[in-house]
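Good morning, colleagues. Please look at the sequence and the structure on the screen before I describe them.

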Amino acid sequence: MQFAVFLPPGVSENNKMPVLYWLSGLTCTDENFMQKAGALKLAAELGVVIVAPDTSPRGEAVADDDSYDLGQGAGFYLNAVKKPWAKHYQMYDYVVKELPKLIEREFPVTSKKSISGHSMGGHGALTIALKNPTEYASVSAFSPICNPSNCPWGIKAFSAYLGEEKSLWAQYDAVELIKSSNDFVPTLIDQGLDDNFYPEQLKTLELKKVADEYDYDVEVNLREGYDHSYYFISSFIDVHLQFHLKHLLM
């Protein structure tokens, strides 16, 4: 696995800073957010470290698929149980357990952390925060896959990685996790209304409906004129960084 790290000026062992973990979407690597999101200037001013892992394991020995939405570049932030994926595709454990331990050992950061992501990475951020509510100060997402159990991308990936057991799918589905959540993580979602994948793939309104039904407070902003691109992310990333800093400092 590779990951990118942004360290703000002034960060040191005597001035440790909190971390925002960013999870990218299908076909992306650890580089996309760092190069395209326009987040680093404000992160430097706010004193927030950003860590962006790759979207999957890589290499000749790692199982892959010819399609863009399965295999390398499409890890879906879950722990695969089916062959040939299970050997390397343990992205949930990597993001939740292995990577933070490494970052906190090797870099001058505090244990305070938040998580965010885009599309498949938004799905990862939401599900990871919902499953670990005491570990993350806040969670946000751009154009997340909210209900993967009921969309083409998610059904394809879950069938391959997890098999046909739907109860296992529910463990990686934000809509289903909200139904059983007893703890709250401050949550912000931005969705562009000109997004080609909205609503068939992303199911944003399904998440909002369930959140309202189960009294789970989620701020969902539907943005006129914005699509699924990094232009959308760069337009509102400052709002997300300010949102996370407020909760990281609590």
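I begin with strand S4, residues 109-118, in what is a predicted model. Seven of its 10 residues are buried, so strand S4 is largely enclosed by the rest of the structure.

Which strands pair with S4? On one hand there is strand S2, residues 17-23, which pairs with S4 in the parallel sense over six bridges. Within that pairing, Leu-20 stands opposite Ser-114 in S4. There is also strand S5, residues 139-142, which pairs with S4 over four bridges, again in the parallel sense. Here Gly-117 stands opposite Ala-141 in S5. Between S4 and S5 the chain passes through helix H4, residues 120-131, and this β-α-β crossover is right-handed.

I turn now to the open space. The largest pocket has a volume of about 170 Å³. Its lining includes Gly-25, Leu-26, Thr-27 and Cys-28, as well as His-118, Ser-119, Trp-153 and His-228. By class, the lining residues of this pocket are six nonpolar, five polar and no charged.

How many cavities of 30 Å³ or more does the structure hold? The answer is one, and the largest cavity contains about 40 Å³ of space. Among the residues lining the largest cavity are Leu-126, Leu-130, Val-139, Ala-174, Ile-178 and Thr-187. Helices H4 and H7, the latter spanning 174-179, are the elements that give two or more residues to this lining. The lining of the largest cavity divides into eight nonpolar residues, one polar and no charged.

Thank you for your attention.

Note on methods:
Residues numbered from 1 in each chain as written. Predicted model: local features only at pLDDT ≥ 70, side-chain atom pairs only at ≥ 80, totals over all residues. Heavy atoms only, no water. Buried < 20%, exposed > 50% of the residue type's maximum accessible area, 1.4 Å probe, protein only. Pairing = 2+ DSSP bridges. Right-handed = clockwise from strand over helix to strand, strands pointing away. 1 Å grid on protein atoms, 1.4 Å probe; cavity = no way out; pocket = protein on both sides within 12 Å on 5 of 7 lines; lining within 4 Å. Points joined across faces, edges and corners; volume = space filled by probe spheres on them. Nonpolar A, V, L, I, M, F, W, Y, C, P; charged D, E, K, R; others polar.
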